[in-house]
Each structure stands twice: as C-alpha cells, then as structure tokens.
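Visitor: I have a model to go through with you. Could we look at it together?
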Amino acid sequence: MRRGPLKLKLQILCGEVIAMGPGKADLLEAIRQHGSISAAGRALAMSYRRTWLLVDEMNRCWSAKLVATARGGGADSGARLTPEGARVLAAYRALEGVVDASAADSAARSTLEAMLREAPRD
C-alpha cells in the first residue's frame, strides 16, 4: 500500500519464507476469480512455474492448504481457495487496512516524509 512516498509492505513469515505478502494475496484473489492457477498467473503476468511455486509455498506454510487443485478437465478441475485460504486472505487484507489507517495518521510517517528527498542525489 502506498501513501505518498511511503510504501508499506506487510509480510507474514514462516521461518525465513514469506507465507503471505501483497503478491501472494493478489495471487489468491486471482485464483478465486479465475478458478485456475495458470489463468491466475496469466492475469498477473506471472510465469506458470512461478505461480505454481508460490502456491506450493503458501500451502506448505499454513496449518491447512490455502489452495486446492483438481485434475481432469471436467467441471471439478482447476483450483479454488479452501475455506482456510479464504480466511487467511480476508484476515491479511483486514490487517493491511489496519496498517494503512495507522500510517495515514502517524507522526512517524510525517517525520519520514519531511526528511525524505524528492529523488536520490546524483
């Protein structure tokens, strides 16, 4: 989330691995919208391999899988968020809102913005 020159990026770690961050949240939303991991990757201009690696990483980091997949080409094939995936996504987006609202009225934000240059020195 970006406010003026200040950009806050909320990341949730599982050991040294990012279990959830803005990109993974966007991927979950795209999977929910498209019903397919590959279609979600295309929508986000992400390679097929990268998309699958991120889904696998998320599924390994949380107590339950966030994305369920099914093969077969029928009506039940594709990918969907699990109930846990939907809960994690909703909680992450809510926490982003809390952080954004807090930063909007923060004296620390004002201090940093006042001390920041418009562009790096040459």
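Visitor: Which helices each supply at least two residues of the lining of the largest pocket?
Guide: Helix 1 and helix 3 (48-61) do. The model is predicted, with local features needing pLDDT of at least 70 and side-chain atom pairs pLDDT 80 or more, while totals for chains, interfaces and linings use all residues. Residues are numbered from 1 along each chain as its sequence is written, and side-chain values use heavy atoms, without hydrogens and water. Helices are DSSP runs (H or I, at least four residues), numbered from the N terminus.

Visitor: How do helix 1 and helix 3 pack?
Guide: Their angle is about 105 degrees and their axes lie 11 Å apart; axes are lines fitted to C-alpha atoms over the stretch in contact, and angles run from 0 to 180 degrees between N-to-C directions. Helix 1 and helix 3 are therefore roughly perpendicular (65 to 115 degrees).

Visitor: Which residues make that contact?
Guide: K24, L27, L28 and I31 of helix 1 meet T51, L54, V55, E57 and M58 of helix 3, contact meaning heavy atoms within 4.5 Å.

Visitor: Turning to helix 4, what is its angle with helix 1?
Guide: Helix 1 (residues 22-34) and helix 4 (residues 83-104) pack at about 135 degrees, with axes 10 Å apart.

Technical notes:
Angles under 35 degrees count as roughly parallel, over 145 as roughly antiparallel, 65 to 115 as roughly perpendicular and the rest as oblique.
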